[in-house]
Amino acid sequence: MTKISGFSKLSKLDKINWVCDNYLSENSNAKDIITQYLNDDKKLQKLHDEFAENTISNYYLPFGVAPNFCIDGEMFCIPMVIEESSVVAAASKAAKFWLDKGGFKTKVLNTTKVGQVHFKFSGDFNKLKTLFDEQKSKFFEDASSITKNMEKRGGGILDIQLVDKTELLSSYYQLHCTFETVDAMGANFINSCLEQFGKTLEDIYQPEFDVEVILCILSNYVPECLVRAEVSCPLHLLGKTEKEALNFAQRFKYAIDIANVEPYRAVTHNKGIMNGIDAVVLATGNDFRAIEACAHAYASKEGRYKSLTHASIVDDVFRFWIDVPIAVGTVGGLTSLHPLVKVALQMLNNPNAKDLMKIIAVAGLAQNFAAVNSLVTTGIQKGHMKMHLLNILNQFEATPEEKEQAIEYFKTHTATHSEAVDFITRIRK
Ligand code: MEV
């Protein structure tokens, strides 16, 4: 075991040297690669270094754009940061498909965020409750220096509820708190309020009540920070003939129904949705882990993991929609620091948090439409392998001429990994 103290205090070069000396083989070119990814612009590099700790390099992901999105009558070109080939192409294809059919319609259903103070108490709940009701306003008063600015922006604490959870865990109670954080993701605001609530709680009840605060933290489960995105069109627009259109719509809806009843399928189905959602969340400097965790919990809200999207065919109208909780911010955090995030937000016409929720939900719905469309018709491998072919060719450092030859060849041949490898080996002989 290689133990080191004070690693964080070393210069970047010393950190790189230490990692290379201790964890990378002597004859590897790791150090060259690590340093190759550093930016020559010292100011920009410093900015990135300071986003996190112990940074030794930068890790690039492709920043792509999906044009032709019509959302509530407005045109958007959506920035997407994702490494998986064919995601951006699929989003663009879905955008174009729906463009002449009325585009995407959206609605923010609510924006409530959540945080909790978890505490232990072993006495009489009625006494706890009575005092809580009497003193509830103190929680708001004690947090007023924290909430002042948020209130000016139209947000603040919405409510604080005392909840008895002792049926699930002995002595376990909580303050379940709701917040409006307007255009901020609001994590720091919520956590500061909650820590103050924890202090107020102990102030009110100590010493005779013996209340013990265990932890105060926001919840990333925000089922009420909800947005809906949808597309719909007369059935006949979905195919060249009425029969083809009906067949497609029915197969599509059946695929959604499968994801509703079969968790093995639902997870992959929702993963496809998250391909779109995460890519926009990342491009716009938001926390994709929080969005992911919340989306999957929401997908299980009825006790079984289900599809986040829904489809219906009623009176010859096909409708496809998503209801998804999305807690994002367009001010604060990375949104005002990362130059590419700023560009992404500019590209989206500097949306407020509600508008960004809508755009992200649309990206998820579009992605799911494209995936299920392929799955119930041609299968996904055709499109996937077309994009993946380029990755394979790059692995083999194919020249532009070799790439052209390969693309031409695989227009009429099924692209598999081994076929692509065979092809490149063959033409090099
Ligand atoms: C691949 O990243 C995503 C899909 O598997 C989604 C799906 O199956 O619906 C294509």
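By class, 21 nonpolar, 17 polar and three charged residues make up the lining of the largest pocket (Ala, Val, Leu, Ile, Met, Phe, Trp, Tyr, Cys and Pro count as nonpolar, Asp, Glu, Lys and Arg as charged, and the others, Gly among them, as polar). This is a predicted model, in which local features need pLDDT of at least 70, side-chain atom pairs count only at pLDDT 80 or more, and totals for chains, interfaces and linings use all residues. Residues are numbered from 1 along each chain as its sequence is written, and side-chain values use heavy atoms, with hydrogens and water left out.

A pocket is an open set of points on a 1 Å grid over the protein atoms alone, where a 1.4 Å probe fits, with protein on both sides within 12 Å along at least five of seven lines, and lining residues have an atom within 4 Å of a point. A volume is the space filled by probe spheres set on the points, which are joined across faces, edges and corners.

| Pocket | Volume | Lining residues nearest the centre |
|---|---|---|
| Largest | about 1,400 Å³ | His 48, Phe 51, Leu 334, His 338, Val 341 |

Of the helices (DSSP runs of H or I, at least four residues, numbered from the N terminus), α3 gives the most to the lining of the largest pocket, with four residues, whereas α12 gives the most to that of the second largest pocket, with nine residues.

The lining of the second largest pocket comprises twelve nonpolar, 14 polar and six charged residues.

Definitions and conventions: Helices (H or I, at least four residues) and strands (E, at least two) are DSSP runs, numbered from the N terminus.
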